[in-house]
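Here's a quick briefing to read alongside the sequence and the 3D view. Have a look around first, then come back for the notes.

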Amino acid sequence: MEKSRRREKLAVSLLFGLLLPCCLAQTTPSNTATRTPTRTPTPSPSPQTERLRVRLSGYPRKHNEGRVELFYKGEWGTICDDDFAIANANVLCRQLGFVEATGWTHSAKYGKGQGKIWLDNVQCNGGERSIDSCKSRGWGNSDCTHDEDAGVVCKDERIPGFVESNVIDAQVDEKHIEEVRLRPVVTTARKKLPITEGVVEVKYKDGWAQICDLRWTIKNTHVVCGMLGFPHERKVNKNFYKRLKKRAAEKVSRPKVNVSAGGRQTPKAKANSKTKQSSPGKRLYLERQKNHFHIHSVACVGTEIHLAACPLEFSKPNATSSCEGGMPAVVSCMPGPLFIQNGLKKKPKISNNVRLKGGAKLGEGRVEVLKGNEWGTVCDDRWSLQSASVVCRELGFGSAKEALTGARMGQGMGPIYMNEVKCVGQERSIWNCPFKNITSEDCQHVEDAAVRCNVPYMGVEHSIRIVGGRTTYEGRVEVQVGSKWGTVCSAGWTTKEAMVVCRQLGLGYSMHAITETWYWDSSNVTEMIMSGVKCTGNEMSLSQCQHHKTFSCQKAAAKFAAGVICSDTASDLVLNAPLVQQTVYIEDRPLHMLYCAAEEDCLSKTAAQANWPYGHRRLLRFSSQIHNIGRADFKPKAGRHSWVWHACHGHYHSMDIFTHYDLLSGNGTKVAEGHKASFCLEDTDCQEGVSKRYECANFGNQGITVGCWDLYRHDIDCQWIDITDVKPGNYILQIVINPNYEVAESDFTNNCMKCNCKYDGHRIWLHNCHIGDAFSEEAERRFEKYPGQLNNQIPSINQQ
């Protein structure tokens, strides 16, 4: 019976949380257990309806080694080392996203697992796609103990494009708590999101049940708030709830009923009765009377990631009173600055020396820390949920849903500052946790740590949708204004607006902003109701962007409705700043050698008045090496059929402007400029283990592969700024990649490099070159006045 009951229970998993779409409760993610079809007798176990999940656990271990655990029938379990061989390890490592295995371990080298031993006497030939395709004794049929748990050591090289691995999630008690929510008692609180205070309820059978507040502590509250996406807890006014309960109890014990002359209850009395039934105090009282207390007591220490990881005492099914002298536990949470409600007197601060980069959704990304004036990453050795939770909370989110290893959110650049971070979970910052300083031999950027944090439920996905596309990731944008749904005018619609839409829908990044949607299904096109949308790209919803208060669109036909194409992954370009500093010099180049450059508009305007072909132009030259550290290849938006041929230089331009080169005064005024068209986007070189995919020769495909870079040497045409008219002085050199946001990236804030520049009229010196935000005239143009009245813009959620 016990085994049967355990099979029916749902496993707690923080991997793929689904927020309960309920406007009355703040809810934690849930996950449905994996089911398998009935199998016929066969030498090898039958495959599951969903891909078998595999993870590496245990200690001590790195991201590419550990005890093997399989998720089957809603429960994690291990593999026995009997008959284990390198062929088995190869299959498992490929399932984890590594190219192959370099070894395997026996006798629980990484510690003994818990729960089931799912497979025994496994025999693979090495070519199987999944371990469940290999021969074995069958699922759950084993004569081993956990002293014989098998482990693997995988080669630290990733399968290109593989993303489904390297996740450290919570391992909790058998008596699972599938979901937790806050149900507000005060009526006014129900209308505001996020819900920050209410009765703690846990999913139980087909409904919800309460937790008895006897021996409830602030540490329990801290864990609950973290699960719900809040970094801190607040003290609850228990006297308020006690008074409500007492007042309700008194009214129930002495009910006042108005009766008519015939002895029947009057309509007025019935209405009053309904009102009383819905009052906060009455609700609390009746819940207690109904005896829906599933958990009698909780004893968290405060560092747990999930309530199910705390010691729990469950209520006995036949108990007459499971919370004698108590009431439902109530908690109050403090939201982070991004989710703050207006009117809150004391607004919490978030860290300015820790940030997340490369994440497709709010609250996820590669962990980066600031030391001195330079950002760096964290190595994933011994990376844990406790350390990840410290990062999440200091950034204004809740506890960590997942701790990610193996550069799951892309590889960073620059230094790696921390290794073997060992947070307890109570620290205010990751900088307060013990860690090791590292050398280049210890870690590489393929081991960059990342996190996925719990974030509060805001319900933003319910006010927008995409329709008419061929898959769930593309379509015409429709928004809800009041009770009415309608399309959005595509005038001024760019990648930044599309980024907000994709984020709001939980669909990752914007790959394309579509301004004509005539080729999509238009059988049910709604009226156009929103125009003038201008976003910074960091907003949580389209309604937070600027837009016309009164609708105004010159092209209001259905085919000009705005659309998007979203993707789970995106590219991310970053300039090698030190190389610019190392290669900079000045050249006086004769005019007779600059005809092609002039044709491509690579000289300053005064060059047109020069005495051609006599004289020269003074050029500030340098090399630029542009890395793709994202999770998708960078490819020009335009297909090769629309590339422009330039006969003078003899090449195609796949992007009109790929980079801007500017010399600025101290206040950001432009004193000289240059630009570079993408005449040849290709993989000049790549990291070890990454193959080149793009080459310009013979009209080849253009782009930059993940893990590769494109080098524009200092000695090629247009790789300069014309400074002929610049006077000696101190300036700022600014280089901006993909300045018009023509191609979508996961992070535009690292597309700009700035250097302090000293020019004495003959020589030039660069120092303090760093990646940072640009002085952007384009950004100012985007937000200048245009027809129609604008709504005020809600503050950005950018974490820089």
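pLDDT is the predictor's confidence in each residue, on a scale from 0 to 100. You'll want that score in mind, as this is a predicted model. Averaged over the protein, the pLDDT comes to 80, with 79% of the residues at 70 or more.

**Where to be careful**
- Residues 29-49 are a stretch where pLDDT stays under 50. In the model, this stretch has 58 contacts beyond four places in sequence.
- Residues 259-263 also have a pLDDT below 50. Here the model shows four contacts beyond near neighbours in sequence.

**Helix α3**
- Helix α3 covers residues 218-227, and eight of its 10 residues are buried.
- Which residues of α3 are buried? They're Asn220, Thr221, His222, Val223, Val224, Cys225, Gly226 and Met227.
- After α3 comes Gly229, and its phi is positive, near 95°.

**Strand β19 and its partner**
- Strand β19 runs over residues 400-404 and is mostly covered, with five of its five residues buried.
- How do β19 and β21 pair, parallel or antiparallel? β19 pairs with strand β21 (residues 450-453) in the antiparallel sense, over four bridges.
- To find one of these spots in the 3D view, look for Ala403: its bridge partner in β21 is Val451.
- As a general point, side chains in a regular strand alternate between the two faces of the sheet.

Notes:
Residues are numbered from 1 along each chain as its sequence is written. Side-chain values use heavy atoms; hydrogens and water are left out. Contact means heavy atoms within 4.5 Å. Buried means under 20% relative accessible area, exposed over 50%, partly exposed in between (1.4 Å probe, protein chains only). Helices (H or I, at least four residues) and strands (E, at least two) are DSSP runs, numbered from the N terminus. Two strands pair if DSSP finds at least two bridges between them.
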